[in-house]
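Q: I have a new model open and have not looked at it before. Can you walk me through it?
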Amino acid sequence: MNPTIDYHAILPELILSGTLVVVLVVDVFLRPPRKWLAMPLSFAGVLAAFVATLTLIGADRTTFGGSYHVDPFAVLFKVFFLSVAMIVLFLSLRYFREGRYYQGEYYFLLLSSVLGCVMMPSSRDLLMLFISLELVSAPAFLIAAFRKNDPRSNEAGLKFFLIGVLSSAVMLYGMSLIYGVTGSTNLYEIGKALAGHLGGQETLALAAILFVVTGFAFKVSAFPFQFWAPDTYEGAPVPVTAFLASASKAAGFTGLLQLMFVAFIHQAAFWGPVFAAFSIFTMSIGNLVALQQRQAVRLLAYSSIAQAGYMLLPFALAGHGVDKEAFAAAVTYILIYAIMNLGAFAVVVAVSRKSSALLIADFAGLMRNAPLLALAMTIFMVSLAGVPPTAGFWGKFFVFRAGIDAGGIGIALAVVMVVNSVISLFYYLAIPRQMILVEGPEEPMRSPALVTFVAALAAAAVIAVFVYPDLIAHFPPLSTLVGS
Amino acid sequence: MIRLPLVLFFSAVLFSTGVYGVLARRNGVLVLMSIELMLNAVNVNLVAFSQYVRDIGGQVFALFVIAVAAAEVGIGLAIVILIFRNRESINVDEVSLLKW
Amino acid sequence: MAELIVFWVFAPLAVASGIAMLLQRNAVYSALFLVVNFFALAVFFLMLGAEFLFAVQIIVYAGAIMVLFLFVIMLLGVDREERLVEPIRWQRPLGIFLGVGITAEIFAAVRAGVGFAAKAPGGFALVNQGGNAQAIAKVLFTDYFLPFEITSILLIVAAVAAMVLAHRRRGAVSGPPPAGPARPQPDREAEVAG
């Protein structure tokens with residue numbers, strides 16, 4: 001019996017899988033000075049997958065018996081993940097070449113993780129979600145520990161690994177219970193089964209949802225499961241941190257979005273308050289701890305925890321009659337967050353060439369030494385704080401509006417978010433203050449062209465999205481995943 | 001035929017043992033073994049449910065869990081060996097250069 | 001009736017070996033108790049109509065994975081005893097609390113729920129018709145074909161992990177030498193002193 005496979009629907013995945021095997025094999029035949037060629041090769045593969053994804057715009061295809069679905073939601077995130085992959089490849093080239101790392105293996109692992117990300121938004125089956133999630137995180141454990149001789153990087157890998165595997169186990173336990181209650185692993189079937197009468201199994205279903213949510217809370221570093229993130233981010237090579245904080249985190253959120261808004265939507269009255277608590281604590285704790293940081297990557301790590309709090313907020317609004325708006329707000333926020341965060345990390349990569357300790361004090365005088373980078377960094381920081389004229393403002397605005405429209409607890413959450421945004425201004429502006437106002441040693445900084453290009457591109461995008469929010473905000477509402 | 005709640009209770013005990021092990025043991029290898037225990041509890045659940053809902057999907061799921069667990073153990077032990085070489089210690093909180 | 005006896009023999013065995021594993025000071029003993037646990041679970045699989053998983057459990061888990069564990073334990077040194085005195089005070093009580101809590105949660109939830117949905121009438125024998133392995137293969141190579149292929153990439157990743165992380169290259173080191181400590185680390189010095 002041959003399976004009927006829609007090859008067009010999985011073309012991007014096929015291209016990526018092919019590329020990563022080619023990268024691994026070609027690397028063997030490259031002499032050490034030429035090892036960096038793995039990067040252009042990977043880039044070509046990602047670009048090809050990107051083009052293949054573009055041909056799927058507007059498609060609505062299911063394959064593998066409904067477990068894999070290519071719809072507008074999936075295509076939007078595939079395009080996003082592949083774009084992030086290209087940017088991270090740009091950031092990686094000089095860093096890994098000059099540091100004499102295992103380059104071929106690095107690009108192989110990065111592409112594997114990207115493949116997992118790309119599969120994530122199409123996975124409409126518990127098993128498929130689980131495998132995608134594993135493929136996102138397993139290579140990430142390794143590239144987090146890639147600075148082999150630095151005990152801090154080793155430990156970043158170990159901690160990330162143990163937390164990742166533990167969260168998978170907890171999530172799987174929940175999934176197994178869901179399967180038992182509903183008799184299916186398909187998300188749509190689960191949604192249907194959980195909508196109906198459960199015959200006395202409501203408690204078990206809720207317990208199962210709690211396990212799954214806890215598993216994902218680890219992945220997206222929500223409080224109180226956030227403690228691994230700062231250490232891992234600090235210990236990993238900076239380009240890898242950029243990838244973890246943007247693509248890997250977004251992949252966790254896409255999985256969570258599908259589970260919550262498709263499979264568990266009828267239990268929203270139960271898990272909505274759980275997410276409200278997650279959201280409030282995650283953003284508050286993230287912001288308060290970020291205020292005390294002196295190291296740039298740690299600051300960005302706590303900032304990304306706080307940002308996860310904002311992304312969790314729309315989940316708490318489910319079941320208040322604004323599901324579609326909340327869903328679109330969450331997706332928009334994730335996309336905008338990734339752009340500004342990647343930009344900020346691009347500047348950090350550039351600065352890491354000067355000082356590997358990456359203290360905030362190391363940014364002193366950047367405005368004079370590298371005005372373009374300093375200007376871009378200022379834009380990213382302002383955007384992360386959610387202040388106009390930047391894209392970050394719209395991200396917060398849509399979440400805020402959804403909260404107000406939901407009424408009740410939504411308004412309270414929206415207010416907490418605004419207060420937190422104001423607090424966050426203090427630490428976000430610490431870096432621009434350092435760059436502009438504090439005198440640093442005068443030494444013109446030479447950053448790799450690709451890194452500067454990424455920073456400039458991201459800064460331009462952040463401004464452009466502020467002027468035309470529809471550049472991003474137009475797409476999430478097209479998703480057919482959530483009914484109005 | 002054994003009643004399903006009995007099996008579920010059994011797997012819950014197994015899972016809890018694993019959770020305790022993850023928190024209480026400090027040796028990286030033992031933490032990994034405790035996680036294996038948790039994954040096995042998941043498999044018991046899946047197989048038991050597979051029989052009770054009369055669907056082979058649960059068994060296939062369990063098969064994937066085993067395969068992924070094998071990959072994870074490979075990765076985890078590689079990281080443990082790496083740390084051991086640099087630090088001569090595999091205790092999770094002894095390697096805590098950064099805060100746990 | 002026979003199944004009930006098997007259950008009451010192997011379930012306590014599995015739980016006891018799991019607990020014994022955690023209480024062992026020596027990692028090798030722990031690993032051996034884990035093997036006992038895996039075998040007990042394999043028997044469960046057989047009893048629950050999963051003959052294929054029964055074989056896989058023994059071959060992959062009790063065989064391959066355990067050998068890997070034992071190999072690494074031996075490589076790192078068997079006599080390396082762990083101090084069981086807990087430096088982080090709250091972790092052990094938290095572990096007990098969570099363990100008991102989860103068990104109680106499931107117990108309460110399961111007791112409340114009676115009568116699970118049954119998809120196909122006629123018992124599990126019908127699902128397993130033509131052999132358990134065939135039934136699995138039929139699903140594995142149609143609906144779950146993509147995850148099946150993706151798992152292969154996951155296994156390559158594991159192989160690359162072993163190569164990259166465990167390999168020591170002479171001369172060409174991976175990555176720059178560690179940067180000087182960014183912050184003072186009082187914990188470490190305290191540990192050396194104690």
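Q: Which residues touch the most other members of the largest nonpolar core?
A: This is a predicted model, so everything here is read from predicted coordinates. In the largest nonpolar core, which has 309 residues, A:A346 and B:I79 touch the most other members.

Q: And which helix gives the most to this core?
A: Helix 13 of chain A, residues 323-352, gives the most, with 23 residues.

Q: Back to B:I79. What does B:I79 touch?
A: Leaving out residues up to four places away in sequence, B:I79 touches A:F141, A:A145, A:G157, A:L158, A:F161 and C:L165.

Q: Where does C:L165 sit, and is it buried or exposed?
A: C:L165 is in helix 7 of chain C and is buried. Other buried residues of that helix include C:L146, C:P147, C:I150 and C:V164.

Q: How many residues does helix 7 of chain C have, and how far does it reach?
A: Helix 7 covers residues 145-166 of chain C, which is 22 residues. From its first C-alpha to its last it reaches 32 Å, close to the 32 Å expected at 1.5 Å a residue.

Q: What about the rest of chain C: how many helices and strands?
A: Chain C has eight helices and zero strands. Buried residues make up 32% of its 194 residues. Of its contacts with a separation of 6 or more, 52% are between residues 24 or more positions apart.

Q: Now chain B. What is its order of elements?
A: It runs α-α-α from the N terminus on, with three helices and zero strands in the chain. Of the 100 residues in chain B, 80% are buried.

Q: How much of helix 1 of chain B is buried?
A: In helix 1 of chain B, 17 of the 21 residues are buried, so the helix is mostly covered.

Q: Why does the span of that helix agree with what it should be?
A: Helix 1 takes in residues 4-24 of chain B, and at 1.5 Å a residue its 21 residues should span 30 Å. Its end C-alpha atoms are 30 Å apart, which agrees.

Q: How many residues of chain B are in contact with chain C?
A: 64 residues of chain B are in contact with 75 residues of chain C. On the chain B side, helix 1, helix 2 (28-52) and helix 3 (57-87) each supply at least two residues. Helix 3 of chain B gives the most, with 21 residues.

Q: What classes of residue are on that side of chain B?
A: The side of chain B that touches chain C has 46 nonpolar, 12 polar and six charged residues.

Q: What is the average pLDDT of chain B?
A: Chain B averages 83, and 84% of the residues score at least 70. Among its helices, the mean is lowest in helix 1 of chain B, at 88, and highest in helix 2 of chain B, at 91.

Q: Where is the pLDDT below 50?
A: Over residues 95-100 of chain B. That stretch has 17 contacts in the model beyond near neighbours in sequence. Where pLDDT is low, the predicted coordinates should not be read in detail.

Q: Last one, chain A. How many helices and strands?
A: Chain A has 20 helices and two strands. Its radius of gyration is 21 Å, close to the 23 Å that the globule rule gives for 484 residues, so chain A is as compact as a globular protein of that length.

Q: What box do its C-alpha atoms fill?
A: The C-alpha atoms of chain A fill a box of roughly 70 × 55 × 40 Å along the principal axes. Buried residues make up 66% of chain A.

Methods: Residues are numbered from 1 along each chain as its sequence is written. Chains are lettered from A and ligands numbered from 1 in the order in which they are written. This is a predicted model: local features need pLDDT of at least 70, side-chain atom pairs count only at pLDDT 80 or more; totals for chains, interfaces and linings use all residues. Helices (H or I, at least four residues) and strands (E, at least two) are DSSP runs, numbered from the N terminus. The expected span of a helix is 1.5 Å times one less than its number of residues. A residue is buried if 20 or more other C-beta atoms lie within 10 Å of its own, exposed if 12 or fewer, and partly exposed in between; C-beta atoms are placed from the backbone. Two residues are in contact if their C-beta atoms, placed from the backbone, lie within 7 Å. Ala, Val, Leu, Ile, Met, Phe, Trp, Tyr, Cys and Pro count as nonpolar, Asp, Glu, Lys and Arg as charged, and the others, Gly among them, as polar. pLDDT is the predictor's confidence in each residue, from 0 to 100. A nonpolar core is a set of buried Ala, Val, Leu, Ile, Met, Phe, Trp, Tyr and Cys residues joined through C-beta atoms within 7 Å. The radius of gyration is taken over C-alpha atoms; the globule rule is 2.2 Å times the number of residues to the power 0.38.
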